[in-house]
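Reader: I have the structure open and would like to go through a few of its regions with you. Shall we begin?

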Amino acid sequence: STLNVSGHPVLAHKLSVLRSDQTSPAEFRRVLREITFYLGYEATSKLDTKTVEISTPMTTTTGQKLSSKVALIPIMRAGLGMVEPMLELLPNSDVYHIGMYRASGSLLPIQYYNKLPRDKSADVAYVLDPMIATSGTICAVVNILKKWGAAKIHVIAVLASEAGLAKLRGDHPDVDVTVTHIDKILDEQGMISPGLGDAGNRLYKTPTIDQDDDEKLLSPTKRKRTMSK
């Protein structure tokens, strides 16, 4: 597997904009798209191609055509903000959404949505999530994709914690990772510091709610019980 930490000064500048608590949701969405596009450009550098014959206004020649079957796997919610720039790079990709949330207290990942088709897989699956914090969610999604049959898996994230990245690479040494930067601190709540906060909330201007309430909203049994009170 490969770990690519971008050292590009333009991405370093854009990351500072993304981190700032003065950045509006609209600006946050725009900068996340820009960072994702450039990370995706780097992450796709080893996709397979095949030689094809093409005609130019002057003559005929040969060129290269992407031959890998690619799937984009955004982890909802925050991964949704990374889909469009990846589709600009790879417009023929399939997009399959997986929804995960972290259980209160334990931080264990719980799946609430999965649209992977049973009848087909991919040569390369790009997992999209702005942050690799504890990596529990990412590892769970990687396990799902391996069972699904993805031949190769590549995680694209803006930020990773040292601990989360180490766990991901330890549990899945065959998975490639591309990030902008690695932060050293991961707190007891599973948040990266200095980080950039809750990416999903910042993308969509969602008010911060208690994690127990968040779990009730996502769990059908708890939602019914809550609504009946």
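Reader: How many of the 13 residues of H4 are buried?
Author: In this predicted model, ten of the 13 residues of H4 are buried, so the rest of the structure largely encloses this helix.

Reader: Which residues in H4 are buried?
Author: They are Gly 136, Thr 137, Ile 138, Cys 139, Ala 140, Val 141, Val 142, Ile 144, Leu 145 and Trp 148.

Reader: How far does H4 reach from its first C-alpha to its last?
Author: H4 reaches 18 Å, close to the 18 Å expected at 1.5 Å a residue.

Reader: And what follows H4?
Author: Gly 149 follows H4, and its phi is positive, near 115°.

Reader: What does the side chain of Thr 134 reach?
Author: The side chain of Thr 134 reaches the backbone nitrogen of Gly 136, at 3.1 Å. Leaving aside neighbours within four places in sequence, Thr 134 is also in contact with Arg 102, Leu 107, Gly 164, Lys 167, Leu 186 and Gly 190.

Reader: Lys 167 is on that list. Which helix does Lys 167 lie in?
Author: Lys 167 lies in helix H5 (residues 162-171). Not counting residues up to four places away in sequence, Lys 167 touches Thr 134, Ser 135 and Cys 139. Lys 167 and Ser 135 are 32 residues apart in sequence, and their C-alpha atoms are 6.8 Å apart in space.

Reader: What is the relative accessible area of Lys 167?
Author: The value for Lys 167 is 38%, which means that this residue is partly exposed.

Reader: A change of topic: how much space lies in the second largest pocket?
Author: About 250 Å³ of space lies there. The pocket is lined by 17 residues, and the closest to its centre are Ala 43, Lys 46, Lys 152, His 154 and Asp 176.

Reader: Which elements give two or more residues to the lining of the second largest pocket?
Author: Those elements are H2, strand E8 (124-128), strand E10 (152-161) and strand E11 (176-183). The lining residues divide into four nonpolar, seven polar and six charged.

Reader: Is Ala 43 buried or exposed?
Author: Ala 43 is buried, because its relative accessible area is 7%. Ala 43 belongs to helix H2 (residues 25-43).

Reader: What does Ala 43 touch, not counting residues up to four places away in sequence?
Author: Ala 43 touches Tyr 126, His 154, Ile 156 and Thr 178. The C-alpha atoms of Ala 43 and Val 177 are separated by 8.0 Å, although these residues are 134 residues apart along the chain.

How values were computed
Residues are numbered from 1 along each chain as its sequence is written. This is a predicted model: local features need pLDDT of at least 70, side-chain atom pairs count only at pLDDT 80 or more; totals for chains, interfaces and linings use all residues. Side-chain values use heavy atoms; hydrogens and water are left out. A polar contact is a pair of N or O atoms within 3.5 Å; within protein, one must be able to donate a hydrogen and the other to accept it, and residues adjacent in sequence count only if both atoms are side-chain atoms. Contact means heavy atoms within 4.5 Å. Helices (H or I, at least four residues) and strands (E, at least two) are DSSP runs, numbered from the N terminus. Buried means under 20% relative accessible area, exposed over 50%, partly exposed in between (1.4 Å probe, protein chains only). On a 1 Å grid over the protein atoms alone, a cavity is a set of points where a 1.4 Å probe fits but cannot get out, and a pocket is an open set with protein on both sides within 12 Å along at least five of seven lines; lining residues have an atom within 4 Å of a point. Grid points are joined across faces, edges and corners, and a volume is the space filled by probe spheres set on the points. Ala, Val, Leu, Ile, Met, Phe, Trp, Tyr, Cys and Pro count as nonpolar, Asp, Glu, Lys and Arg as charged, and the others, Gly among them, as polar. The expected span of a helix is 1.5 Å times one less than its number of residues.
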